[in-house]
Amino acid sequence: MLIIEDLQVELAGRILLKDIDLEIRPGDTHVLFGPNGSGKTSLLMTIMGYPQYIVKKGRITFKGTDITHAPLNERAALGIGMSYQRPPTINGLKTRQMIDICAKRKVDAGEMARSLNFEDFLDRDVNAGFSGGEIKRSELLQLTAQNPDLMLFDEPESGVDIENMALIGTTIARILEKETPKGGKNAKPFVQQRSERTKMGLIITHTGYILDYVPADKGQVLLNGVLACTGNPREIFQCIGQLGYEECVKCTI
Amino acid sequence: MYDLKELERKARQAIDRKATFGDDVDLDSFDRSFVPHTYLAEEEICSIPQEEQQRLLMSGLDVTGTGRGGTYFQKDTSVVHCHSNEEGIEVMPVTEALKKHDWVKEYFWKLVPVDQDKYTASAFLDLHDGYVIRALPGSKSIYPIQACLYIDKENLQQNVHNLIIAEEGSELHIITGCATSPHMKRGVHVGISEFFVKKGARLSFTMIHNWAEEMSVRPRSVARVEEGGVFINNYICMKPVRSIQMYPTTHLVGDDATAMFYSVIVGTPGSHLDIGGRIYLKNRGCRAEIVQRSISNGAHIINRGHLIGEAPDIKAHLECKGLLLKGGIIDSIPQLEGHVEGVDMSHEAAVGKVAQEEINYLMSRGITEEEATSTIVRGFLSVDIKGLPVPLREEIDRAIDRSDKDAI
């Protein structure tokens with residue numbers, strides 16, 4: 001479980017996030033809405049542990065451990081992982097090697113890449129000259145290898161063409177254990193399958209496309225550094241679409 | 001024309017001529033006299049001390065000859081081993097070759113001016129030896145010929161002259177190591193190398209330097225590439241050295257000739273490395289690429305790159321990247337010279353530190369800051385060199401791997 005209490009975060013002397021309370025239970029996936037510059041990425045970077053995001057107040061607890069000031073790699077070791085929107089290029093490091101780093105062992109990267117249709121990129125330097133969609137597939141591949149318990153997705157749809165959207169969407173649903181429960185004679189009851197899910201997700205989306213693939217449990221709107229409302233993700237998305245962020249937030253307060 | 005008298009006259013005139021770049025080395029304080037060493041047969045060469053074998057291996061010389069097409073091994077001033085296993089490839093000591101074969105004279109001092117500076121002059125006047133490696137027309141070798149210029153005697157000035165000839169349509173790969181014995185501290189190495197890549201031939205030349213802390217090194221090399229020829233020149237230097245100054249130059253004289261220079265340099269405190277690369281593109285369709293990667297751990301590194309486009313439809317690129325890890329200076333000086341319309345020339349140069357953003361990205365995948373840094377540095381050093389046979393490619397990777405720990 002991820003618990004964020006009364007969080008206040010500063011970047012380069014400016015307060016970006018304040019009064020943030022958030023709780024993600026095992027098996028739950030939340031969707032984060034908000035206009036550009038509202039602090040969505042900052043929240044994800046703060047949870048991941050980027051040192052330039054300074055926590056001035058409040059606490060982040062993950063699996064019962066206070067990680068408010070833990071370095072990035074310790075959070076990764078505890079089971080937090082992130083899919084970035086614009087990750088840096090690592091020259092000379094092959095994507096194949098990066099997959100091994102993520103998995104902490106030698107893995108069959110080819111096998112893993114197949115489902116993401118990404119085999120041809122394994123011998124290319126990490127993110128070097130990748131298009132927006134290729135970056136997203138590379139990030140998902142790394143996350144699959146890392147297999148963390150809490151996954152942070154920063155706009156997984158941005159730059160992805162229609163054709164690849166389904167691939168991205170179903171992959172995220174799969175690694176977050178949000179696929180439709182298995183049917184058939186020998187399958188466990190749906191309720192049990194659902195209750196056995198442990199993966200947690202926090203997804204930033206602008207377009208809402210991801211909601212077509214991932215049945216999210218909760219939606220939240222971040223506006224001017226404050227988490228303004230919580231509710232059914234579809235309903236919130238619809239409200240934003242019709243009334244805009246400002247109005248939507250007003251109607252729920 | 002091979003005119004010894006004329007060469008000698010020019011050399012004598014240049015004996016005090018300082019080089020354009022690099023610290024001036026007082027050659028008079030070094031010993032150039034001959035050091036006799038016994039010639040070793042193939043089986044004897046394997047019995048040299050383990051420690052020495054290790055030094056040699058670091059420079060690419062495998063005494064067992066495994067995966068090699070031939071060997072030239074010079075210790076101090078004497079040739080201790082020389083042979084070729086490959087049909088169509090000749091390996092000879094240069095002094096012997098000059099006596100035995102008239103054709104060798106056609107290549108001797110044809111590209112490097114004997115009066116360029118005091119080092120070239122000295123290499124002519126007090127030549128010890130060196131190798132001639134020649135691939136006969138149409139011959140192809142996958143296994144590289146290995147050559148090693150080894151210095152064992154303290155305070156020696158080793159003067160070497162190498163001629164490398166890839167005849168028409170041939171393919172030749174050479175891995176050459178320069179090293180000093182473990183006890184050795186101070187010395188000078190002057191190496192003249194002249195490369196002739198004939199029509200449609202491919203030549204790769206990989207040089208690995210493993211010197212001692214008080215060594216001064218002044219290689220002087222020039223290549224000439226004819227129509228459709230390809231010359232790949234790799235240079236790796238990751239060990240302490242006092243000073244190296246070199247500016248290897250290639251003339252692409254035929255249509256569609258190609259030259260690629262790749263260098264990987266790690267400089268330690270007290271080292272002064274002035275490493276250049278110059279390629280003249282003199283005909284249509286010529287291609288040139290220079291890639292330089294340098295890491296300073298407290299050294300003074302100067303990277304010079306100079307591309308000269310003299311014909312239309314040429315394409316040339318220079319990439320020069322430096323990482324300052326533990327102080328020092330990296331001075332990157334890229335230069336592009338276009339002489340006619342229709343040239344396509346570019347360069348990118350960067351000097352900096354390991355980007356924190358990259359370290360953080362890797363740390364978020366679960367590795368420590370130190371592991372992340374070394375992963376990035378290793379990536380920085382792993383240059384993608386095109387056109388090398390797999391065994392040689394692996395050899396270079398191993399050389400970088402072996403030195404990797406020192407770099408970080």
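Begin where the two chains meet: across the interface of chain A and chain B, the rule finds one salt bridge, and since this is a predicted model, every stop on the tour concerns computed coordinates. Select Glu139(A) together with Arg365(B), whose side chains form that salt bridge, with 2.7 Å from N to O.

Next, keep both chains in view and turn to the elements of chain A that face chain B. Helix H2 (72-78), strand S6 (80-83), strand S7 (90-94), helix H3 (95-103) and helix H5 (132-146) of chain A each contribute at least two residues to the side that touches chain B. Colour S7(A) separately, for this strand supplies the largest share of that side, namely five residues. By residue class, the side of chain A that touches chain B holds 17 nonpolar, eight polar and four charged residues.

Now select the whole interface, in which 29 residues of chain A are in contact with 18 residues of chain B. Together the two chains bury about 1800 Å², and 58% of this lies on carbon and sulfur atoms. If you display polar contacts, the count between chain A and chain B is nine residue pairs, with both residues at pLDDT 80 or more.

The largest cavity holds about 270 Å³ of space, and to centre the view on it, select Met207(B), Ser221(B), Asn233(B), Met246(B) and Pro248(B), which are the closest to its centre among the 29 residues that line it.

Then show the strands around this cavity. Among those of chain B that each supply at least two residues of its lining are strand S7 (171-180), strand S8 (186-197), strand S9 (202-210) and strand S10 (214-225), and S8(B) gives the most, with four residues. The lining of the largest cavity divides into 15 nonpolar residues, 13 polar residues and one charged residue.

The last stop is the second largest cavity, with a volume of about 60 Å³. Its lining includes Tyr235(B), Tyr262(B), Leu381(B), Val383(B), Arg393(B) and Ile400(B), which can be selected together. The elements that give two or more residues to this lining are S11, S14 and helix H9 (390-407) of chain B; strands S11 (230-237) and S14 (258-267) of chain B also each supply at least two residues of the lining of the largest cavity. In the lining of the second largest cavity, nine residues are nonpolar, two are polar and one is charged.

Terms used
Residues numbered from 1 in each chain as written. Chains lettered and ligands numbered in written order. Predicted model: local features only at pLDDT ≥ 70, side-chain atom pairs only at ≥ 80, totals over all residues. Heavy atoms only, no water. Contact = heavy atoms within 4.5 Å. Buried area = accessible area lost by both parts, 1.4 Å probe. Salt bridge = Lys/Arg side-chain N within 4 Å of Asp/Glu carboxyl O. Polar contact = N/O pair within 3.5 Å; in protein donor to acceptor, adjacent residues only side chain to side chain. Nonpolar A, V, L, I, M, F, W, Y, C, P; charged D, E, K, R; others polar. 1 Å grid on protein atoms, 1.4 Å probe; cavity = no way out; pocket = protein on both sides within 12 Å on 5 of 7 lines; lining within 4 Å. Points joined across faces, edges and corners; volume = space filled by probe spheres on them.
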